[in-house]
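Please look at the sequence and the three-dimensional structure shown below. The paragraphs after them are a guide to reading the two together.

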Amino acid sequence: MVMKIAVGSQNPVKIEAVRLAFEELWPEERWVVEGVNVSSGVSDQPMSDEESIQGARNRAERSIKELHADYGVGLEGGLHQIGELYFDCGWVAVVDRQGIEGIGSTAKIPTPPRMVEMIKKGMEIGVVNDLIFGTQNSKQGDGHFGLMTKNVITRRSGYRDGVVMALSRFVHPELFNE
């Protein structure tokens, strides 16, 4: 049987990250992963973990309904302030047809103050990255993670890890039903 996964984005990096996570956790299954353009229902540049999680949840719920899939996955990046520092992080929500939800995140990476100031003036982090690093459309490439780590951790690998973390709810359901 083929399982259908709806990803609340048409960004090929996010779709590939989801495919990799499902295939690595359940290599014996057959997966069809499809992206769909759905609204996050939050600001274009979330500025807290809470807002990013809500955006991921909205995308997961909207995508599973839109594509009548077995799982819906929402990925939403954002910044979160801790003290004087801002960290970039991607949040992931996965929902199944029964409404069971798993939440996970990527690693967090510090965002340089100069970049934070540009973001606070209304720019999204992807646009800021393109300006600072002289790239084009980095959010569909290696992203902030890749640019800041010499591609040791890329947007795809970071989001793959976040999806795996969210799927832990489905890997060990008995632990969540106690």
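This is a predicted model: local features need pLDDT of at least 70, side-chain atom pairs count only at pLDDT 80 or more; totals for chains, interfaces and linings use all residues.

Residues are numbered from 1 along each chain as its sequence is written, and side-chain values use heavy atoms, with hydrogens and water left out.

In soluble globular proteins, nonpolar side chains tend to be buried together. A nonpolar core is here a set of buried Ala, Val, Leu, Ile, Met, Phe, Trp, Tyr and Cys residues joined through side-chain atoms within 4.5 Å. Buried means under 20% relative accessible area, exposed means over 50%, and partly exposed lies in between, with a 1.4 Å probe and protein chains only. The largest nonpolar core has 21 residues, and I5, V18, F22 and V94 touch the most other members. At least two residues of this core come from each of β1 (2–7), α1 (12–25), β2 (30–35), β3 (71–82), β4 (85–96) and α6 (155–171). These names refer to DSSP runs numbered from the N terminus, where helices are H or I of at least four residues and strands are E of at least two. A second, separate core has ten residues, including A6, V36, A60 and L67.

I5 lies in strand β1 and is buried, with a relative accessible area of 0%. Not counting residues up to four places away in sequence, I5 touches V18, F22, W31, V32, V33, E34, A69, Y71 and V73; contact means heavy atoms within 4.5 Å. I5 and R30 are 25 residues apart in sequence, and their C-alpha atoms are 11 Å apart in space. With neighbours within four places in sequence left aside, F22 is in contact with I5, W31, Y71, V73, V94, V163 and L167.

The next topic is how helices pack. α1 and α6 pack at an angle of about 45°, with their axes 8 Å apart. Axes are lines fitted to C-alpha atoms, for helices over the stretch in contact, and angles run from 0 to 180 degrees between N-to-C directions. Angles under 35 degrees count as roughly parallel, over 145 as roughly antiparallel, 65 to 115 as roughly perpendicular and the rest as oblique. α1 and α6 are therefore oblique to each other. α1 passes α6 in a right-handed crossing; a crossing is right-handed if the near helix is turned clockwise from the far one by less than a right angle, and left-handed if anticlockwise. Among the residues that make the contact are V18, A21 and F22 of α1 and Y159, V163 and L167 of α6. By class, this contact of α1 with α6 has twelve nonpolar, no polar and six charged residues. In this classification, Ala, Val, Leu, Ile, Met, Phe, Trp, Tyr, Cys and Pro count as nonpolar, Asp, Glu, Lys and Arg as charged, and the others, Gly among them, as polar.

A second pair is formed by helix α3 (residues 113–120) and helix α4 (residues 125–133), whose axes come within 10 Å and cross at roughly 130°. α3 and α4 are therefore oblique to each other, and their crossing is right-handed. The contact is made by R114, M115, M118 and I119 of α3 and by I125, V128, N129, L131, I132 and F133 of α4. In α4, I125, G126, V128, N129 and D130 are buried. The buried residues of α4 pack against β3, β4, α3 and α5.

Which residue follows α4? α4 is followed by G134, whose phi is positive, near 65°. Most residues other than glycine have a negative phi. H68, in the loop between α2 (49–67) and β3, has a positive phi near 50° although it is not a glycine. H68 is exposed, with a relative accessible area of 64%. N137, in the loop between α4 and α5, also is not a glycine and has a positive phi of about 55°. N137 is partly exposed, with a relative accessible area of 40%.

Two further residues complete the tour. I109 is in strand β6 (residues 109–110) and counts as buried at 14% relative accessibility. Beyond four places in sequence, I109 touches Y86, F87, D88, H144, F145, M148 and T149. T154 is in the loop between α5 (143–148) and α6, and counts as buried at 14% relative accessibility.
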